[in-house]
Amino acid sequence: MSKSGDLVRLADAVLLPGFEGVTPPDWVRRRLGEGLAGVVLFSRNITGPAQVARLTTALRAENPYALVGTDEETGEVTRLEVATGSTRPGGYALGVVDDVALTETLARDLGLDLAACGITIDFAPSADVNSNPDNPVIGLRAFGADPDLVARHTRAFVRGLQSAGVAACAKHFPGHGDTSVDSHHGVPVVAPGGIEDALRPFREAINAGVRSVMTGHLLVPVYDPDLPATLSPKVLTGLLREELGFEGMIVTDGIEMAAVSEAYGIGGAAARAIAAGADAICVGGEHADEATAIEVRDAIVTAVADGLLPEERLADAARRVRELAVWAASSGSTPTDNMVGAGADGMSVTTERAAHNGHAGLAAARRAVRVTRRTGAAVLPLRTPPHVVELAPEMNLAIDKSTPWGVAGPLAELMPGTAVTRFAAGEASGAAIEDLVALAAARPLVVVVRDVHRYPWQGEAVRHLLSARPDAVVVEMGLPQRSDLGAVHIATYGSAPVCGRAAAEVITGSL
């Protein structure tokens, strides 16, 4: 078969590349017209709901069945609200509240927002059981560390999102929670003893009718000691298709991630993933250009010609992608006319929904807050504006670095005059902390951390601050492994602005 013929179109029909800019480049338009499956939107493609609606309308003018996906998990991982931070708390906070009706309602609201923008598939929820507190990439993205809790909230999230006409995508199969390596950089290994617990949320997602499952670039020796799940027929075909009975679309996590591309290259990993049982290739988080998309397409074509990838398997993958696209096209995931015609920020048509979402998300964040008081002194509520010190670790690649977080902003709104100092790694020296302690001597002190147990520099900074100011309030906006820090310890189970606002309300007594 000629490379310019049907085989090339089949290869294009399983690709979901990313691109640069807030309007579709010419190569994306052209390729969509030639049969490209769709695209993935990242933060770089998004300025607001109305702009996204115009973007997706332009994409579908080239191909009405184009899939448009994004990572909108709420909480820390947000794309649609990256400029302002999510108006909804993330998975772990919802797990702490443990109200499945609330999870389903927030997921449905999210789905309505995505559908109004023309987004077809949301790469959420994270169905991972975060049983390893040192996990560097999942953490608060999961609903929790208990398999049953994660399973019931995964199911609720899937129901809510898909009831709004947006395909859910349970990830990262077969479970990234019990790992200590970030698959962006290496190959995590899943311990054999926890695999059944890890699979439980995926079983529930499949029972709930989830339309898509995303592979994790994970080595699961109990199933395949040699190949990561994304490249393993034993995991994708044997386990996911045959044992668990999943019939929907299997999409890879970013194929350029080192866990799979380091050994085979981006194109080689993509071809092997399709051969293993994946149906769609997600690429473009880090390589968002036409040359990469062509490289992946041509590698798939070559793999068929060389006998590595049966043409029937490629055709089956394209069929499953098309089936999801047809479902999405008939489900209402297209931008509304008034959204497309709105102003640059979409406020003329989204203000009412944004206000509703903000209220519902804030109510959920308030319910997730846990306060531990360790002194009989009346530390809270604060009566005078505090000095807030925020210890800011470098986040993993799933979290956009520009996503707003913290407590100082919400506190300043409630208590004007609040001061703030933010330290990154390497900045919280002993001298810097001594200077800060002197500067804040006449004020209450609030110390904000994220995953303090995973970052020795944060732990050392907190010890130094508390030795000088034992009356300080500590707010943990990551995973709280201990609550014995500070005169009052506040755990928000998330760093989204609504979580910061909930903490600020506790601190000021304005609930």
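Hi everyone, a word on conventions before we start. Residues are numbered from 1 along each chain as its sequence is written, and side-chain values use heavy atoms, with hydrogens and water left out. Since the model is predicted, local features need pLDDT of at least 70 and side-chain atom pairs count only at pLDDT 80 or more, while totals for chains, interfaces and linings use all residues.

Two strands pair if DSSP finds at least two bridges between them. On that basis there is an open sheet of 6 strands in the order β2-β3-β4-β5-β6-β7, with parallel pairing. Its edges are β2 (38–41) and β7 (249–251); each has a single partner strand, so one side of each is left without a neighbour in the sheet.

Staying with β2, its pairing with strand β3 (residues 67–70) is parallel and runs over 4 bridges. Within β3, Val68 is the bridge partner of Val39. Which residues of β2 point which way? Gly38 and Val40 go one way, Val39 and Leu41 go the other way, and all are buried. By buried I mean under 20% relative accessible area, with exposed over 50% and partly exposed in between, using a 1.4 Å probe and protein chains only.

Further along the sheet, strand β4 (residues 121–122) runs parallel to strand β5 (residues 167–173), and 2 bridges join them. There, Ile121 stands opposite Ala167 in β5.

Now for a helix pair, α5 (residues 100–117) and α6 (residues 147–163). Their axes come within 7 Å and cross at roughly 35 degrees. Axes are lines fitted to C-alpha atoms, for helices over the stretch in contact, and angles run from 0 to 180 degrees between N-to-C directions. The crossing of α5 past α6 is right-handed, that is, the near helix is turned clockwise from the far one by less than a right angle. Residues making the contact include Val100, Ala107, Leu110 and Leu114 of α5, and Ala156, Phe157 and Leu161 of α6. Contact means heavy atoms within 4.5 Å. By class, this contact has 7 nonpolar, 5 polar and 4 charged residues; Ala, Val, Leu, Ile, Met, Phe, Trp, Tyr, Cys and Pro count as nonpolar, Asp, Glu, Lys and Arg as charged, and the others, Gly among them, as polar.

On to the mixed sheet. This one is also open, with 6 strands in the order β9-β14-β13-β12-β10-β11 and mixed pairing. β9 and β11 (419–424) are at its edges, each with a single partner strand, so one side of each is left without a neighbour in the sheet. From one strand to the next, the twist averages 15 degrees.

Two helices to point out here. Helix α17 (residues 497–508) packs on the sheet and touches β9, β12, β13 and β14, its direction making about 155 degrees with that of β14. Helix α15 (residues 430–439) lies across β10 (387–392), β11 and β12 (445–449), and runs at about 170 degrees to β11.

Have a look at β14 (residues 488–491). Val488 and Ile490 point one way, His489 and Ala491 the other, and all are buried. What is the sense of its pairing with strand β9 (residues 370–373)? That pairing is antiparallel, over 4 bridges. Arg373 stands opposite Val488, and Val371 stands opposite Ile490. Strand β13 (residues 473–476) runs parallel to β14, joined by 4 bridges, and here Val473 stands opposite Val488.

Pro386 lies in the loop between β9 and β10 and is buried, at 0% relative accessible area. Its C-alpha atom is 5.3 Å from that of Arg443, 57 residues away along the chain. Arg320, in helix α11 (residues 311–331), is buried too, at 10%. Leaving aside neighbours within four places in sequence, Arg320 is in contact with Arg241, Glu247, Gly248, Met249 and Asp279.

And the cysteines? How many disulfides does the structure hold? There are 0, a disulfide being a pair of cysteine sulfur atoms within 2.5 Å. For Cys169, the closest cysteine sulfur is in Cys282 at 9.1 Å, too far for a bond. Cys169 is buried at 0% relative accessibility, and Cys499 is buried at 1%. Thanks, everyone!
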